[in-house]
Amino acid sequence: MQSDLPGADTGVALASRRQQALTPAWRAALLRLAGGWLALFVVFLPDWATMARQWWDISTYNHILLVPLIVGWLVWQRWPQLRQLAPAAWWLGLVLLGGACFLWLLGAMSGLDLARQAGAVAMLGSCVPLLLGVRVSTALLFPLCYLAFLVPVGEELVKVLQTITADITIALTHLSGIEAVIDGVFIDTPAGLFEVAEACSGVKFLIAMIAFGTLAANVCFMRWSRRVAMLVACVVVPILANGIRAWGTIYAAQIFGIEAAAGIDHIIYGWFFFAIVLALVIASAWRFFDRPLDGPAVDIAAIGRMAWIDRAERFSISHRAALAGFVLVLGTGQCWAYAADTIEAPMPNRIDLPAVPGWTRVDYAPTIAWAPRAEGADHRLLGRYRDRHGHEVDVFVALYASQGEGREAGGFGQGALIPNSPWSWQSTAPAFDGGKGERLLGNGRVERVAMTWYRQGGLLSGSNARLKLAVIADHLLFRAEPTTMLILSAEDAPRGVAQASIAAFRQSTGPIEGWMDGIAQVR
């Protein structure tokens, strides 16, 4: 019924605006939150700048540019319910902030960007329970968790996805009647040699689909069984679809030629391919959507009935205490990181490749140039040994006074596989003595096996993760330990000779840890 009274519509509009207006408590709390976030962006600007460059420059992470907008939309959805709650500072929020800052500290000490960036994002989210309280944070739980997608993660999956895609592709190739031979991520067919390269691994579509699936599971479904099914589909479907796409390229090459097939693949591959896969997933899931369109994003009444929240609110503190704790946590983390970063182990003036019984130093003359990357190392050596049986082994040693940003022995792009070079990763290789084995292929014709070891204090391992943990332990305790990276490699022609050559060389050096320590002059 419409009112005939003058100004009735204006009164209703004013009442609506008053309902939407911020209360003094909310206004003050949001100003404190904005100030805290601004401080975090300033203090950790290098980490946010690095993430922003990755979002913009690396296609794998382009979808992250939408994540801040999505989080803002999720919060806006919940605002009608949020404004019914009273914001309050919460002491346990300092624990969350301290944990996030400690995660950043571990990344800063080890040079692991992923940990630094995850810590920076987690600190941003932990400010909400600290400055707005446990009830508001419970209502905002999903948007806060969704902030995790700001972290550029996924490159670690590339080699695994390359291998899975190659396995799917070769299976479909054989099913379609095409003769083909697979060697790692290389598939040889009558039309030519195909490589499931890093760009073809499908990692960027998988990461984007997981981000989409997580959002859709929350926004479109109420039942947990359907949410889980949605997430499983967003993992399985893009992996299978990428294998089918790679097979389609090989199949087309048998008919139209390899150049024409590559051109077709370049047209299909990209966000156009992602859009098709995304549309298929949405179309399949549409009929199972069970969240009402007009339903609230969060159930405030249910939050009010949670007994644990009543108990948690006993840890409320004053806003001044919360801000003081905020400053203390950030200051402690920064000072600790700075102190640990100044620790460096003493370095010898020079190092040399030692004599090895039964082996002779010869000129280093690889068929295709190969020189492992070790940015930030204080010393690097590369040489070749030969024994009387004709075995040849290339030895690369890098010695670091410390590990950190720009000097990571196991960092991305460091070690045996040189980015933007004639060399491609082919497959893993059998390893020994705890090392890491890799098969590399140069220009599609020269095979090489590389075995990598890291030495840090008492650690000897080919695992980058174990190296990071050892570095973190040393930095936390302010121990100065050098890091040594050793790579033994040999060209594999005929197949199998590289493994035999490296094994023979290893036997001649004696215990590998003692040999590495002798080169580094640390024992």
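This report describes the overall dimensions, a helix and its surface patch, the aromatic contacts and the salt bridges of a predicted model.

## Overall architecture

The protein chain contains 19 helices and 11 strands. Along the principal axes, its C-alpha atoms fill a box of roughly 105 × 60 × 35 Å. Of the 523 residues in the protein chain, 47% are buried.

Val-497 counts as partly exposed because its relative accessibility is 26%, a value between the 20% limit for buried residues and the 50% limit for exposed ones.

Helix α11 covers residues 224–256. The helix has 33 residues, and the distance from its first C-alpha to its last is 47 Å, close to the 48 Å expected at 1.5 Å a residue. The residue that follows α11 is Gly-257, with a positive phi near 100°.

A nonpolar surface patch of about 550 Å² is formed by Trp-224, Val-228, Val-232, Val-235, Val-236 and Leu-240. Among these residues, Val-236 is placed in α11 and is partly exposed, with a relative accessible area of 40%. Trp-224 also takes part in a contact with a charged side chain: Arg-227 lies over the face of its ring, at 4.7 Å from the ring centre.

Across the whole structure, 14 aromatic pairs are found. One of them joins Phe-221 and Phe-289 in an edge-to-face arrangement, with 5.2 Å centre to centre and 85° between the planes. Phe-221 lies in the loop between α10 (203–220) and α11, whereas Phe-289 lies in the loop between α13 (271–285) and α14 (300–304), so the pair ties together parts that are 68 residues apart in sequence. The two partners have these accessibilities: Phe-221 counts as buried at 2%, and Phe-289 counts as partly exposed at 30%.

Another edge-to-face pair is that of Trp-359 and Phe-505, with 5.1 Å between centres and 80° between the planes. This pair links distant parts of the chain, with Trp-359 in strand β4 (residues 359–362) and Phe-505 in helix α18 (residues 497–509), 146 residues apart. Both Trp-359 and Phe-505 are buried. Together with Tyr-385 and Trp-515, they form one aromatic cluster. A further contact between a charge and a ring occurs at Phe-288, where the charged end of Arg-287 sits over the ring, 4.7 Å from its centre.

## Salt bridges

Side chains of opposite charge can pair when their charged atoms come close. The count of salt bridges comes to 21. One of them connects Arg-350 with Asp-352, and their closest N and O atoms are 2.5 Å apart. Arg-350 is exposed, with a relative accessible area of 56%, while Asp-352 is partly exposed at 41%. In a second example, the side chains of Arg-384 and Glu-392 meet at 3.3 Å, N to O. Here Arg-384 is buried, with a relative accessible area of 7%, and Glu-392 is partly exposed at 25%.

Asp-492 and Arg-439 also meet in a salt bridge, at 2.7 Å from N to O. This pair links distant parts of the chain: Asp-492 is in the loop between β11 (483–491) and α18, and Arg-439 is in strand β8 (residues 436–442), 53 residues apart. Asp-492 counts as buried because its relative accessibility is 5%, under the 20% limit. Arg-439 is likewise buried, with a relative accessible area of 10%. Elsewhere, salt bridges that share partners join Arg-384, Arg-386, Glu-392, Asp-394, Arg-448 and Glu-491 into one network.

Terms used. Residues numbered from 1 in each chain as written. Predicted model: local features only at pLDDT ≥ 70, side-chain atom pairs only at ≥ 80, totals over all residues. Heavy atoms only, no water. Patch = residues over 30% accessible without salt bridge, like charges linked within 9 Å, V, L, I, M, F, W, Y side chains within 5 Å. Areas by Shrake-Rupley, 256 points an atom, 1.4 Å probe, with all protein chains shown as cover. Salt bridge = Lys/Arg side-chain N within 4 Å of Asp/Glu carboxyl O. Helix = DSSP H or I, 4+ residues; strand = E, 2+ residues; numbered from the N terminus. Buried < 20%, exposed > 50% of the residue type's maximum accessible area, 1.4 Å probe, protein only. Phe/Tyr/Trp six-rings, centres within 6.5 Å; stacked < 30°, edge-to-face > 60°. Lys NZ or Arg CZ within 6 Å of the ring centre and 35° of its normal. Expected span 1.5 Å × (residues − 1).
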